[in-house]
Amino acid sequence: MTTQELKKLDREHIIYNWKAQGNIDPIVMDHAQGIYMWDTEGKRYIDFSAGLLNVNIGHGNQYVLDAMKKQMEKLCYVGTGFSTEPKAVLGRMISEITPGDLDYVFFTNGGAEAVENAIKAARSFTGRHKIYARWRSYHGATAGAITLSGDPRRWAAEPGIPGVVHYFGPYPYHCPFGSKTEEESGERALEVLNTQIMLDGPETIAAIFLEPITGTNGIIIPSKSFVQGVRRLCDDYGILMIADETMSGWGRSGKWFCMEHFDVIPDMITTAKGITSGYVQLGAMIWNRKVWDYFQNHPFAGGLTYGGHALACATAIANIEVYKQDRLIENSANLGTYLEKKLLELKERHNSVGDIRCKGLWACIELTADRENRAPLAGFSDSIRNVSAEISRRLYEKGLYTFSKWDFIFIAPPLCITADEIGEAIGCIDYALEYTDTFAK
Ligand SMILES: Cc1ncc(COP(=O)(O)O)c(C=O)c1O
């Protein structure tokens, strides 16, 4: 079929995420390898978003494809009540990677389902009903996960599930408590959270969720003392700390799991994305020992037809082996430093760049209309103007795909990228920023 025929077919039948369906005009992708994707016209794009921040090992990895083929010919799926070698071995591999005693795994199809199950487990474990989640967060699109999400994607799903309470985390660049440094922003956010918990009744709170580093709301990096302070509050009040590492896990931040940066071990982790690098769907809810012990004689009220899918688990095993063989976690940490340097150079050249936030191969350019007072350029939910459509158009023109929304341009390439390839991609962003500069002082 020609590209035009495929586009027509697509627009006659396919519903896209989060958008009014009328004006969608997708590029038709044909194949991908490593950090590159090619459309049906043969144009090459650098995938600077690793798909949706999940294709961490890169596209078309032969080692993973071979493992998948082998598993497919042996066993794709059996009922969830059976054990299989891929499921059991993957459980052990995850327990070896996760910090502390986070050794017990429930497999899901993705991040949102992991969050749903963590909500249920936390309520059952504590006998409490309130779930705390941060403003400026995203936890998935299912009923509970979207209620937890502190961003506009929640609005259409309101009123959502009962018992969810939002709290402010630190955001040094636009601190809701007027502080200017990361440390101060963390201290004030912690103080307010402590007061909020006191007023709300600590004995009514089952869990505090957090993305260790906020993902799609702007790669907001909290201070170590904030994350450690949340851990202390949880310990003091018998609340479970749940880290949503759907996006931040699997080397994205330069560590296997992002919580390692803060020297904090949560009670549960929810994860997905980089667990299989998107070769097939898989997510996981991971418990620590005390939660596991509780459920030895209390039923866990969760189940999914595709939980622990043999093909998905075998894919994850091969994917984790690639992280190790190709030293991708180390590459993320090392090249993250180089990426940050290149982004700071962009900041010097472009007035519309307000802030650069970077941890491993995971970064965000925050745009501003005025560096002096940090005035937003597009504004929260594009309340001032939409610039991301033109940013994306310019990047596509130059052969780069990266996710951009509101005041944010996100950067999260496959972890197998090289310094030269980062340099090439930064050149494309340089061109897009010439456009945003026209709105900045
Ligand atoms: C932190 C976080 N949690 C949960 C999710 C939802 O994951 P999924 O789309 O696999 O359900 C996402 C997706 O972007 C995420 O970033």
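Analyst: Alanine 50 counts as buried because 30 C-beta neighbours lie inside 10 Å. A residue is called buried if 20 or more other C-beta atoms lie within 10 Å of its own, exposed if 12 or fewer do, and partly exposed in between, with the C-beta atoms placed from the backbone. The structure is a predicted model: local features require a pLDDT of at least 70, side-chain atom pairs count only at pLDDT 80 or more, and totals for chains, interfaces and linings use all residues. Residue numbers start from 1 along each chain, following the sequence as it is written.

Alanine 50 belongs to helix α2. Helices (H or I, at least four residues) and strands (E, at least two) are DSSP runs, numbered from the N terminus. The backbone of alanine 50 has a phi near 45 degrees, which is a positive value in a residue other than glycine. Most residues other than glycine have a negative phi.

Where do the two domains touch? Two residues are in contact if their C-beta atoms, placed from the backbone, lie within 7 Å. By this criterion, 28 residues of domain 1 are in contact with 24 residues of domain 2. On the side of domain 1 that touches domain 2, at least two residues each are supplied by α2 (50-53), α11 (328-349), β11 (353-358), β12 (363-367) and β15 (408-411). Helix α11 provides the largest share of that side, with 5 residues. By class, the residues of that side of domain 1 are 15 nonpolar, 8 polar and 5 charged. Here Ala, Val, Leu, Ile, Met, Phe, Trp, Tyr, Cys and Pro count as nonpolar, Asp, Glu, Lys and Arg as charged, and the others, Gly among them, as polar.

Strands β11, β12 and β15 also take part in a sheet. This open sheet has 4 strands in the order β11-β12-β15-β14, with antiparallel pairing. Its edge strands are β11 and β14 (404-405), each of which pairs on one side only. Two strands are said to pair if DSSP finds at least two bridges between them. Strands β12 and β15 are joined in the antiparallel sense over 4 bridges. Alanine 363 is placed opposite isoleucine 411, which is in β15.

Helix α13 comes next in this account. This helix covers residues 419-437, has 19 residues, and reaches 26 Å from its first C-alpha to its last, close to the 27 Å expected at 1.5 Å a residue. The expected span is 1.5 Å times one less than the number of residues in the helix. Ile422, Ala425, Cys428, Ile429, Ala432, Leu433 and Thr436 are the buried residues of α13. An α-helix has 3.6 residues a turn, so residues three or four places apart point the same way.

Is glycine 423 buried or exposed? This residue, which is placed in α13, is exposed because 12 other C-beta atoms lie within 10 Å. Glycine 423 and glutamine 296 are 127 residues apart in sequence, and their C-alpha atoms are 52 Å apart in space.

Helix α10 (residues 310-325) has 16 residues and reaches 23 Å from its first C-alpha to its last, close to the 22 Å expected at 1.5 Å a residue. This helix is mostly covered, with 13 of its 16 residues buried. Arginine 327, which follows α10, has a positive phi near 50 degrees.

A further positive phi occurs at lysine 273, where the value is near 40 degrees in a residue other than glycine. Lysine 273 lies in the loop between β9 (268-271) and β10, and it counts as buried because 27 C-beta neighbours lie inside 10 Å.
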